[in-house]
Amino acid sequence: MAVRSTVCSNRPHVAARSLKAASTDYNITLPEEKSSAGSTEALFRSSSVSVPQSPERALLRRLEAPFLECLQDASVCSRRSVFVVIGPRKSGMHTFFEQVVPDAPCVNFADEGARMDAEDAPRTFFARYAALPMLVLYNVHLVPALARLIVSEAGRMHEGADLAAPKIVIMGSSVRLPELETAAERNSNVRIFRMRTLSQGEITGGGHDFLERLRLLDFPSVVSYNESNRDLILSQAMRGGYPSGRDGTPDERHDFFHDLIREICRLDLPSVSPLKNPLLLRKVYRMVGAVSGESVNLTHIAEVLGIGRPFAKHCLETLERLCLVDRIAVWPGSLAFERGVRSPKYVVADSGWLCGLLGFCSTTPCVISSDHPEDVRRLLTTWTWAQLATLTDNARDLHLWHFALRTGLSIDLILEDARTGSLTAFKVSTRENVTENDFGALVKFRELVKDREVQNVLLYCGQSLRRFDSIGVAVPMAFLWL
């Protein structure tokens, strides 16, 4: 069922560009419902999705350096340490651990026997591995009591501790665990890392020093045509970063995304929410995807789906805990402005998944560019967020925010360096050629925060680095992965 409606902000007085009323089509008919309605479309095109994969190299991922640095420090420390790696299911976590800690014994709680064993007697479970220096646990969110026990013992001396367990425990989870995040803030022996789906830059080795190159404007003056134009960049965003689904055919990518969300609802959802209707959660997800990169109007979602607003809010929070949606918090400096927007924005965690939610897996980039300009912006904004977030997720001093005023001024992303106080303001443009006029919002923002150093960056789909004196710099999006 496609529902055509008007999207507006939760706050009627909000008038920022991304919050303005806009006509939107929601396709909230799921494949299962098409099948039950007598559609000729098959529920599954294949019993399992098998996509040819190229070897992933963990050495090229931005998560590895900070992870191994902390792991090395923990190995020479006398206190027990706990590392938690959180990321979307199928994000490449198994491959990551196999390459960075290849000899560490592991237990996967997706196995029902292992899960029941740990739930029934967690201390006895750990005692078996007490002699080991390190233990890797997959899907630890499926045994939350065990995770809490591990964290409660973190930091205690390895020798003579109440809990017999390995000195270093590494836990992988495809669900955000608030209790562990709180523990990490209070206990220096608990460290949480965020793993995102692999971006193109992480695979090819590019993008690692993007922020430093951006600070110095140390880029080539021109990118070749074969590496940068709107349709080529859009094709990267449409593929996304999921290792198992990135390089498949359109049909394979379509099936991969739908099969994956079914698996998440079957395996992970019960550990997050008592929600009994996963189809409803998936419809909320589609509606969130339709406004990816903008504020979410929960009242509107509730009205379209015929549910209460509190329940719609619960679904959004569940999607966030399942690592399917990311929240872009408001820049704290917004509090100094009376008309500053206070609500966060939300993006789908992976632009390839967003492509699936929007129903564009089998649509060519040139058709989307001409017929769906707003969706092009959503895909590129979501892709850009994922690229920049991989640089800031595990860096304590770097933060990504958004900024908007109710007068209409809106900045897509703000990168703040807590050490220096400097800001980098990003706007995403789908154009292949830009002029000084495209920097209007960035210039206004810099005028508002004259007490801070602000670098204005317009990420666009062109091929050349363009400097505009005293205004900012236009940077081809291709430099995020080259």
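This is a predicted model: local features need pLDDT of at least 70, side-chain atom pairs count only at pLDDT 80 or more; totals for chains, interfaces and linings use all residues.
## Helix α4

Numbering starts from 1 along each chain as its sequence is written, and side-chain values use heavy atoms, without hydrogens and water.

Helix α4 spans residues 112–120; A114, R115 and A118 are buried in it (under 20% relative accessible area). These residues cover an arc of only 100° around the axis, which puts them on the same side of α4. The arc is taken from the directions from helix axis to C-beta atoms. An α-helix has 3.6 residues a turn, so residues three or four places apart point the same way.

The cover over the buried residues of α4 includes β4, α5 (122–127) and α6 (144–153). D111 caps the N-terminal end: a side-chain oxygen lies 3.2 Å from the backbone nitrogen of G113.

## The sheet

Five strands form an open sheet, ordered β4-β5-β6-β3-β7, with parallel pairing (at least two DSSP bridges between two strands). β4 (106–108) and β7 (190–194) stand at the edges with a single partner strand each, so one side of each lacks a neighbour in the sheet.

Strand β3 (residues 81–86) is joined to β7 by five bridges. I86 has R194 as its bridge partner in β7.

## Helices on the sheet

Helix α2 (residues 64–75) packs on the sheet and touches β3, β5 (134–138), β6 (168–173) and β7; contact means heavy atoms within 4.5 Å. The α2 direction makes about 165° with that of β3. Angles run from 0 to 180 degrees between N-to-C directions of axes fitted to C-alpha atoms. Helix α3 (residues 93–100) lies across β3, β4, β5 and β6, at about 160° to β6.

Methods:
Helices (H or I, at least four residues) and strands (E, at least two) are DSSP runs, numbered from the N terminus. Buried means under 20% relative accessible area, exposed over 50%, partly exposed in between (1.4 Å probe, protein chains only). A polar contact is a pair of N or O atoms within 3.5 Å; within protein, one must be able to donate a hydrogen and the other to accept it, and residues adjacent in sequence count only if both atoms are side-chain atoms.
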